[in-house]
Amino acid sequence: MSSSKIIFITGVSSGFGRALAQEAINHGHRVVGTVRSAEAKASFEALAPASAFARLLDVTDFTAIDGVIAEVEAAVGPIDVLVNNAGYGHEGVMEESSLDEMKRQFDVNVFGAVAMIKALLPLMRQRRGGHILNITSMGGFITLPGIAYYCGSKFALEGISETLSQELQPFGIAVTAVAPGSFRTDWAGRSMVRSPRAIADYDPLFNPLRQAREAKNGKQLGDPVKAAQAMLAVIESDSPPTHLLLGSDALGLVRNKLAVLSAEIDAWEHLTRSTDG
Ligand code: NAP
């Protein structure tokens, strides 16, 4: 077994965050997890009183984040691994979805993660070590009508993660963007925010996609416990990857996207080259 680490995970009430916390505790690590209710705090800490610590935090409460990190470092110990897992999916045709809904999607999925990183980075940099995992999505590579804001947020987090991995490499801090396919969590159920329908023109395109997502909820291919085991393997690796896909659905869809993108780049190469000099 590898040495025991302190792992800070946002969003441990359900899904990936809860499964990863449980798996990490099973492996002898200590986990600090964020939750948003007293009930979720009690439920999380009951998992393992000596190694599961919950803190109340909404990741969009940006001014509270520095204080939480400082308190955890003092009370529990230096954080070795930060897992930015908290996030949700917004579903809605873009023309029907308000800018406020987009801002909320980016506040949680992007700004929340970046705020957590910025609070912890000075400490990890001083210690010349650490590992940051950002849970993105296959939706950070591929797109689907009806989830523009979600894909936009996950593309953003992929780009930020990759850039950050280059900036932090000299300090021995690893960054891994973990992009799951479809998994059996609460993502497409209680957590999803759905914009009300308004424009009938989009019905033929969008209605079957919404219906398919609702029908698939709870029956997705991916097992969150196996995802947690894979994430823990990355956390315990001496040379973690910058990008990791989870699930054969993500693998197939992302490979196809890269092939289509590559073919389009080739098809337009003459025009691309025409602007030099
Ligand atoms: P989940 O079961 O709904 O869990 C989401 C977690 O995030 C919950 O603990 C939730 O807390 C927390 N959260 C949401 N908004 C928050 C906020 N503003 N501040 C703090 N915590 C917040 O779904 P999940 O699938 O495990 O989601 C985890 C991550 O995986 C997300 O980033 C999601 O986009 C990503 N992902 C999921 C899938 C999938 O198929 N499941 C695929 C690709 C990527 P509450 O209980 O308080 O709401």
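Predicted model: local features only at pLDDT ≥ 70, side-chain atom pairs only at ≥ 80, totals over all residues.
**Entry 1: the cavity**

I began with the largest cavity, which holds about 50 Å³ of space. On the 1 Å grid over the protein atoms alone, a cavity is a set of points where a 1.4 Å probe fits but cannot get out. Points are joined across faces, edges and corners, and a volume is the space filled by probe spheres set on the points. With a threshold of 30 Å³ or more, I count one cavity.

Residues are numbered from 1 along each chain as its sequence is written, and side-chain values use heavy atoms, with hydrogens and water left out.

Which residues lie nearest the centre of the largest cavity? I found Asn-84, Asn-85, Ala-86, Val-108 and Ala-113, out of 13 lining residues; lining means having an atom within 4 Å of a point. Helix 4 (99–127) and helix 5 (148–168) each supply at least two of the lining residues, and helix 4 gives the most, with five. Helices here are DSSP runs of H or I with at least four residues, strands are runs of E with at least two, and both are numbered from the N terminus.

I also sorted the cavity lining by class: seven nonpolar, five polar and one charged.

**Entry 2: the pockets**

Next came the open spaces. A pocket is an open set of points with protein on both sides within 12 Å along at least five of seven lines. The largest pocket has about 1,200 Å³ of space. Its lining numbers 50 residues, with Gly-87, Tyr-88, Tyr-150, Thr-185 and Trp-187 closest to the centre.

Which helix gives the most to this lining? Helix 6 does, with four residues. Among the elements that each supply at least two residues are helix 1, strand 2, helix 6 (203–216) and helix 8 (248–267). By class I get 22 nonpolar, 19 polar and nine charged residues.

The second largest pocket holds about 170 Å³.

**Entry 3: aromatic pairs**

I looked up ring pairs and found two. Rings of Phe, Tyr and Trp (its six-membered ring) pair if their centres lie within 6.5 Å; planes under 30 degrees apart are stacked, over 60 edge-to-face, and the rest tilted.

Phe-16 and Phe-183 make an edge-to-face pair, with 5.1 Å between centres and 65° between planes. Phe-16 sits in helix 1 (residues 15–26) and Phe-183 in the loop between strand 7 (173–180) and strand 8 (193–194), 167 residues apart. Phe-16 is buried at 14% relative accessibility, and Phe-183 is buried at 9%. My cut-offs are under 20% relative accessible area for buried, over 50% for exposed, and partly exposed in between (1.4 Å probe, protein chains only).

The rings of Tyr-150 and Trp-187 are 5.1 Å apart at their centres with planes at 55°, so I logged this pair as tilted. Tyr-150 belongs to helix 5, and Trp-187 to the loop between strand 7 and strand 8, 37 residues apart. Buried or partly exposed: which is Trp-187? Trp-187 is partly exposed at 26%, whereas Tyr-150 is buried at 7%. Both residues also turned up by the centre of the largest pocket, among those closest to it.

Seven strands form an open sheet in the order 3-2-1-4-6-7-9, with parallel pairing. Two strands count as paired if DSSP finds at least two bridges between them. The edges are strand 3 (52–56) and strand 9 (243–246), each pairing on one side only.

I followed strand 4 (residues 81–84) in particular. Val-81 and Val-83 point one way from it, Leu-82 and Asn-84 the other, and all are buried. Strand 1 (residues 6–9) pairs with strand 4 over three parallel bridges, and Phe-8 stands opposite Leu-82. Strand 6 (residues 130–135) pairs with strand 4 over four parallel bridges, where Leu-133 is the bridge partner of Val-83.

Key: Nonpolar A, V, L, I, M, F, W, Y, C, P; charged D, E, K, R; others polar.
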